[in-house]
Each structure stands twice: as structure tokens, then as C-alpha cells.
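Here is a brief report on one helix pair and one loop. Keep the coordinates open while reading.

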Amino acid sequence: MSMTTMRVLRLVVHVRTREPVLLLGEVEGERCLPVFLRRPQADAIALGERGEGDPQLPQDVLLPVLQGLGHELVGAEVVSLVDSVFRAELVFADGARVELRPSDALAVAVREGLSIGVATSILDEVGQPIADLFPDGTDAPPEKQLEDFRKFIDEVSPDDFA
């Protein structure tokens, strides 16, 4: 399965549903993927990468436990879209995989600074051009980016990515 490396562009709240949405963008490309999240995981993602002095969140204990057991976690991947629902996996250095909800896998990846991948087939199917969401580019001032993204997100729903 071909994977595309992604980066976090923005975390926003969908105006109509009040659901958190994580916007992932291609590291080397012009497409993005909105992923609707559960609130606790969105809160963890909003905190960003875990720092040395930060209090531990529940998912922050995962990496030290895995390391203590001799396993290395290297990333999270959104591997499929089935019936309008994303499927995600945590990926280990030895090739092992564990299926998780996308919210959980992405929260772990963001907090631990791990790579995030999305199946290229998903981007081909439901990816959106970044320019459609951010006409002024992702380097525009945050206020302008939010204004552009709000225009997009006001009109979109999870069903639009089915």
C-alpha cells in the first residue's frame, strides 16, 4: 500500500456540528485531508508535541511502556476509508501494526512527534486541494488562514468525504 507523508496544517472546530477537525496536508504535495476527531483526542493534539516538563496525558504513557517492553513506535497511518469511516494503525519499527481509531492514532503521533501517513488511495479519493481551503496559502497570517478555512468548513460535512 502506497503511503503519503502528511503534516498537521490546522486543528479547527466545524461550525455547524461543533466537532473538532484535524487538517492534514501533504509534506510534498498540494492536497489535504480533513479528519473529524473525538474531543479528548483533539484536546491532546491541540497541546502539540509533548515536552519534557509537560504533565502526562493518558496516551503519553504508551510510548514509555512500549519502550520498556522493547518495542519502538515509528508512526501512525490512516490506511483505509470504509463506509465513510477512516481506519488507522500505529506502526512499529519491526513492521508490526495495531489498529486504532484515527483520533487515537493521530493523537499519539502528534504528542510523540511521530510520522503521519495517509494511504495515497484515500487522498486520490477524498483529498482536497490546499489552495481551495487556503487561497492565500498556508504561509498567510493565521487570521487569514482561519477565515479561508472557515468558509470551507462551514459547507463541509463528514458525508462529503464518502
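## Helix packing and a loop

Helix 1 crosses helix 3 in a left-handed sense. This is a predicted model. Two packed helices are described by the angle between their axes and the distance between the axes. Here, helix 1 spans residues 39-47 and helix 3 spans residues 102-112. Their packing angle is about 15°, and their axes lie 9 Å apart. Angles under 35 degrees count as roughly parallel. Helix 1 and helix 3 are therefore roughly parallel to each other.

Which residues make the contact? From helix 1 come Q41, A44, I45 and L47. Helix 3 supplies S103, D104, L106, A107, V110 and R111. By class, the residues of this contact split into six nonpolar, two polar and two charged.

Now the backbone. Most residues other than glycine have a negative phi. D83 has a positive phi although it is not a glycine. S84 also has a positive phi, and S84 is not a glycine either. D83 sits in the loop between strand 4 (73-82) and strand 5 (85-92). S84 is found in the loop between strand 4 and strand 5.

| Residue | Phi | Relative accessibility |
|---|---|---|
| D83 | about 50° | 71% |
| S84 | about 70° | 36% |

Are these side chains buried or exposed? Exposed means over 50% relative accessible area, and buried means under 20%. D83, at 71%, therefore counts as exposed. S84, at 36%, counts as partly exposed.

Notes:
Residues numbered from 1 in each chain as written. Predicted model: local features only at pLDDT ≥ 70, side-chain atom pairs only at ≥ 80, totals over all residues. Heavy atoms only, no water. Axes fitted to C-alpha atoms, helices over the stretch in contact; angles between N-to-C directions. Helix = DSSP H or I, 4+ residues; strand = E, 2+ residues; numbered from the N terminus. Parallel < 35°, antiparallel > 145°, perpendicular 65-115°, else oblique. Left-handed = near helix turned anticlockwise from the far one by under 90°. Contact = heavy atoms within 4.5 Å. Nonpolar A, V, L, I, M, F, W, Y, C, P; charged D, E, K, R; others polar. Buried < 20%, exposed > 50% of the residue type's maximum accessible area, 1.4 Å probe, protein only.
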